[in-house]
Amino acid sequence: MLSQLKKTCKRLVGAADEEEVPVISPRDWAEGIVQDPARRAVDYVINLFPIFSWISRYNFGWASGDVIAGLTVGIVLVPQSMSYAQIATLPPEYGLYSSFVGVLVYCFFATSKDVSIGPVAVMSLTVAQIIKHVNDSHPGVWGGPQIATTVAFICGFIVLAIGLLRLGWLVEFIPAPAVSGFMTGSALNIVSGQLPGLLGVSGFDTRAATYEVFINTLKGLPRTKLDAAFGITGLVSLYLIRWACDRLSKRYPSRARWFFFMSVFRNAFVIVVLTIASWLYARHRKGSDGKYPIKILQNVPRGFKHIGQPEIDVSLIKALAGELPVATIILFLEHIAISKSFGRVNGYKIDPNQELIAIGVTNTIGTLFGAYPATGSFSRSALQSKSGVRSPASGLFSAVVVIVALYGLTPAFFWIPTAALSAVIIHAVADLVASPKQVYSFWRVSPIEFVIWVASVLVTVFATIEDGIYTSIAASLALLLIRLARPRGHFLGRVTLHNTTESSSRDVYIPLNPNKFLMNPHVKVYPPSPGVVVYRFEESFLYPNSSLVNDSIVDYVKEHTRRGRDMTGVKSGDRPWNDPGNSSEAEESAGKPILHAIVLDFSAVSHLDTTGVQALIDTRTEVERWADRPVEFHFATILSPWIRRALIAGGFGVGTLSTHAHEEIAPVTRYHDQYIADPQHADPVKDAHGPPDDPEALHGIAQNSARTSTDGTIQEISNGAGLPMMLPETPFFHLDVGTAVRAAEGGVTRAPSFMETGSDKS
């Protein structure tokens, strides 16, 4: 009963009744996925909290390094966070809220010891643009802090979901040049936006396009105020201190550690000095309107004044929905790039999915404190790494510094000049601009990616950050698709390499026309035996590029082999409509061989889809029609059992030649081959699954071809026990190109084709 049902199902789907070649099945794949699901579930939960993998080994040696690094980063974090809140057009306390939650929560979920989470310049600028967008479309409905907190809440949940679903590989679609171009353009945008605050110039939109802000700043130079004295002094002092400490550390290497920490504290030092100067100058100069002669922070609330359940308005979410994609991308893009960079330099590997979870949890919890979006900071991460951090626990000590600032130093923040914060911002983000050496490396490695970098910078500068990041991502994906749809492929020949030391030699297969920049152009490359074509494809064989392979092989065959049937005496009315013929065709092809076999090197093919198999079937059909005889297809170095399964489904590799040349494995309609083929190209076989008109002739050909290929495989490639390396059911699948070519060359001499034998010639 069961066997009869199985046969009926096979007939319905068109499967053969005879024993099938064993191939991998979905069951094999499923068994590997669901193996020990309980253990996999437990590991999944444990991996959500990486702190458990190292906290039991924590010791005083680690603690000393973490205390120094944490306090150092905290001292830098306090002025930077208030400065970045200024970029986001938020009160300074919101920068402190984001800083506290970032460094505190991240240590429990981190897989990187070096990364420091908190407000960053690019994300702050993005928040400012989102606030501007919402206020322009809905003026006066929501305040800036509520908008920023909502962005952190929604983007945090999105990133958290991406991490929990293990979709962190999506980040890999954005290459390094695109990230660098976007970061460079964003840094220029931030610098131009802070120049007016540095100089005390006002009267125009500092969140407009970069070039507009820069031009308006130049026009406003005559209106420069006293703030410029504080801003320019602070900026120059920051660079002078860093330059002096770098020079002194090189001159006195034994004291380099001291000079390093002196350089680290330059932000805090400059802020303290300028704050004292501001207090001394402005405390007695308050105008009748309540304003001071220079712009200062004034009141900064003490402690967490906005802690509690976040106020999430559905209407607000709808208003900023269009801005969420770019905010989400920036949230995880910079962080993953930074964490991978530090892991690579310091000898550990980060888990991108877990890092996304860490960012998501940090931002969602941060909304309870009124924080706005926070992510990894390159400058503070570099500082933390150089300070000798030993574990993610350093974030706890940075959080202590922020708490002290929130509860103990807020009265002193009153007198901080905003121009001094602008100087801190410009000094920090200037390092995000790609150096000429880095840009030149993009050009040397890939000129196309250099163009993407330039395009990303220009669009960010002359349009918006949102347009810049979309441009970089779109250009990178377009380049990826072009490389997938138009990959390289080469027809190969043989070169024999001789080892004079061991008196041995081996054959290697390289392009018939080798590139002069890859190998010696004077080396003689010998083509394979007449009638054998060897082709290597350098990409996965998928639907975007399958027709390219078909065209390349068919055109090459028609150019380098002669037609199997003499068409010189065929009348024009009997020729196909697309074959005008050539009176000198016989003379031109007299010295060319007839095609016997095609060897395909699949060593670079990692995937093969249905359209790719159909392209191979079409290629087989066209070359057999040209040669007027069956053509062997040999495959070398198949990388995946799923590729083997797909090829067998297309009728390749099993050692029996095609008996129905026009079958389609991917027809566009249910009834296809037998209905669309004209009489001239109709399948000569009566039954698609039955024998040909002359089964004896076909049997002789198939037996000869299969024997030749199998013999070649067993003789050339075997293991220590003398057994064949490849499965005997598929003798046309080979371990390497050399074995495949020898098998193909061994079957060149054979009986006539079944098309000729089956015709009426008696």
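Q: Where is the place of Thr 89 in the chain?
A: Let's start there. This is a predicted model, and in it Thr 89 sits in the loop between helix H4 (60-87) and helix H5 (92-109). The phi of Thr 89 is near 60 degrees, which is a positive value in a residue other than glycine.

Q: Is Thr 89 buried, partly exposed or exposed?
A: To read this, look at the relative accessible area: under 20% is buried, over 50% is exposed, and partly exposed lies in between. Thr 89 has a value of 36%, so Thr 89 is partly exposed.

Q: Where else is there a positive phi in a residue other than glycine?
A: Look at Asp 628, where phi is near 60 degrees. Asp 628 belongs to the loop between H25 and S7. With a relative accessible area of 22%, Asp 628 is partly exposed.

Q: How many helices and strands are there in the chain?
A: The chain holds 30 helices and eight strands. Of its 762 residues, 48% count as buried. Among the contacts with a separation of 6 or more, 80% are made by residues 24 or more positions apart.

Q: In what order do the strands of the open sheet stand?
A: Here is the general idea: strands of a sheet pair through backbone hydrogen bonds, either parallel or antiparallel. In this structure six strands form an open sheet, in the order S4-S3-S5-S6-S7-S8, with mixed pairing. Strand S4 (504-511) and strand S8 (733-734) are at the edges; each has a single partner strand, so one side of each lacks a neighbour in the sheet.

Q: Which strand does S6 pair with in the parallel sense?
A: S6 pairs in this sense with S7, over five bridges.

Q: Which helix lies across S6 and S7?
A: That is helix H25 (residues 610-627), which lies across strand S6 (597-601) and strand S7 (632-636). Relative to S7, helix H25 runs at about 140 degrees.

Q: What do the buried residues of H26 pack against?
A: They pack against H25, S7 and S8. The buried residues in helix H26 (residues 641-649) are Ile 643, Arg 644, Ala 646, Leu 647 and Ile 648. Now look at the start of H26: a side-chain oxygen of Ser 640 comes to within 3.0 Å of the backbone nitrogen of Trp 642. Just after H26, Gly 651 has a positive phi of about 90 degrees.

Q: At what angle do helix H21 and helix H22 pack?
A: Two packed helices are described by the angle between their axes and the distance between the axes. For helix H21 (residues 447-462) and helix H22 (residues 465-485), the angle is about 160 degrees and the axes are 7 Å apart. An angle over 145 counts as roughly antiparallel, so H21 and H22 are roughly antiparallel to each other. H21 passes H22 in a right-handed crossing. Residues that meet there include Ile 448, Ile 452 and Val 459 in H21, and Ile 465, Ala 475 and Leu 479 in H22.

Q: Is Asn 363 buried or exposed?
A: Its relative accessible area is 2%, so Asn 363 is buried. Asn 363 is found in helix H15 (residues 352-366). A polar atom of its side chain lies 2.9 Å from the backbone nitrogen of Ala 374. Leaving aside neighbours within four places in sequence, Asn 363 has contacts that include Ala 152, Leu 331 and Tyr 372.

Q: How many residues apart in sequence are Ile 232 and Leu 199?
A: They are 33 residues apart in sequence, and in space their C-alpha atoms are 7.5 Å apart. Ile 232 is in helix H10 (residues 227-251). Beyond its neighbours within four places in sequence, Ile 232 is in contact with Leu 198 and Leu 199. Ile 232 is partly exposed, with a relative accessible area of 40%.

Key:
Residues are numbered from 1 along each chain as its sequence is written. This is a predicted model: local features need pLDDT of at least 70, side-chain atom pairs count only at pLDDT 80 or more; totals for chains, interfaces and linings use all residues. Side-chain values use heavy atoms; hydrogens and water are left out. Two strands pair if DSSP finds at least two bridges between them. Helices (H or I, at least four residues) and strands (E, at least two) are DSSP runs, numbered from the N terminus. Contact means heavy atoms within 4.5 Å. Axes are lines fitted to C-alpha atoms, for helices over the stretch in contact, and angles run from 0 to 180 degrees between N-to-C directions. Buried means under 20% relative accessible area, exposed over 50%, partly exposed in between (1.4 Å probe, protein chains only). A polar contact is a pair of N or O atoms within 3.5 Å; within protein, one must be able to donate a hydrogen and the other to accept it, and residues adjacent in sequence count only if both atoms are side-chain atoms. Angles under 35 degrees count as roughly parallel, over 145 as roughly antiparallel, 65 to 115 as roughly perpendicular and the rest as oblique. A crossing is left-handed if the near helix is turned anticlockwise from the far one by less than a right angle, and right-handed if clockwise.
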